[in-house]
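Look at the structure first, then read on.

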Amino acid sequence: MKVEIWSDIMCPFCYVGKKNFENALVQLPFADKIEVEWKSFQLDPDLPVEGLDMSTKEYLAKRKGMPEQQIQGMLENLKQAGQAVGIDFKQDQSIPVNTIRAHRFIHFAQLQGKGNEAKEVVFKAYFTDGKNVGDIEVLAALGTEIGLSAEEIKTFLATDGQLEEVNADITEARALGISGVPFFVLDRKYGVSGAQPTESFVEALTQAFQESQPKFEMKGGSDAAACGPEGCEI
């Protein structure tokens with residue numbers, strides 16, 4: 001069964017949703033039969049690739065038209081939500097940046113079977129470590145943490161590799177009616193929106209998996225002639 005996940009690096013609930021989804025997977029006996037594909041989404045494609053010289057609080061206040069005090073309260077609530085799933089949100093250090101390179105990096109890693117690992121290190125770099133995830137050197141260093149070649153990543157990011165695929169993800173999201181992330185598509189049958197609690201993921205994944213399995217149904221009567229280990233019915 002395939003699970004496609006649309007998310008953006010700058011989306012804190014995408015990080016929380018990833019943790020809840022992974023916590024659900026460890027509870028499922030069929031987890032090894034689930035293929036995860038990360039899809040790209042951009043909350044603010046107009047941001048510069050070099051990042052903004054302002055705090056996340058200032059950026060959100062300006063973008064949302066809300067007072068910084070209100071934004072601070074939201075960030076504090078988010079920090080508590082993160083602690084519940086093992087995330088150390090330090091958004092006072094996060095650098096608002098265009099995430100297109102980070103998405104291309106994740107696509108590159110995914111082609112080498114490292115998509116989940118890439119998503120995790122980029123999330124942590126952005127939300128906890130205050131790194132500029134639009135910087136090629138930063139992404140190359142993150143790649144080495146998950147066993148990829150820094151030089152190959154630099155060479156790849158110096159081109160437009162996987163840019164078409166990233167843009168196709170964004171276009172596909174619009175076609176599916178996805179306007180917010182995280183958004184999980186289960187076997188192209190069900191959609192799960194937002195950072196749902198772990199138990200909701202368990203329920204949805206179980207239902208989708210069961211429906212994806214071939215069904216065997218008996219037809220005809222049970223008294224028809226047949227042969228078995230003890231011989232044939234005459």
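## Helix packing

Helix 1 passes helix 5 in a left-handed crossing, meaning that the near helix is turned anticlockwise from the far one by less than a right angle. The model is predicted: local features need pLDDT of at least 70, side-chain atom pairs count only at pLDDT 80 or more, and totals for chains, interfaces and linings use all residues. Residues are numbered from 1 along each chain as its sequence is written, and side-chain values use heavy atoms, without hydrogens and water.

Helices (H or I, at least four residues) and strands (E, at least two) are DSSP runs, numbered from the N terminus. Helix 1 and helix 5 pack at an angle of about 135°, and their axes lie 11 Å apart. That makes helix 1 oblique to helix 5.

Which residues make the contact (heavy atoms within 4.5 Å)? The table names them.

| Helix | Range | Contact residues |
|---|---|---|
| Helix 1 | residues 12–25 | Pro12, Cys14, Tyr15, Lys18, Lys19 |
| Helix 5 | residues 115–127 | Asn116, Lys119, Glu120, Phe123, Lys124, Phe127 |

## Helix 4

Ten of the twelve residues of helix 4 are buried, so helix 4 is largely enclosed by the rest of the structure. Buried means under 20% relative accessible area (1.4 Å probe, protein chains only). Among the buried residues are His103, Arg104 and Phe105. Their cover includes strand 1, strand 2, helix 5 and helix 8. Just after helix 4, Gly113 takes a positive phi of about 75°.

Technical notes:
Axes fitted to C-alpha atoms, helices over the stretch in contact; angles between N-to-C directions. Parallel < 35°, antiparallel > 145°, perpendicular 65-115°, else oblique. Contact = heavy atoms within 4.5 Å. Buried < 20%, exposed > 50% of the residue type's maximum accessible area, 1.4 Å probe, protein only.
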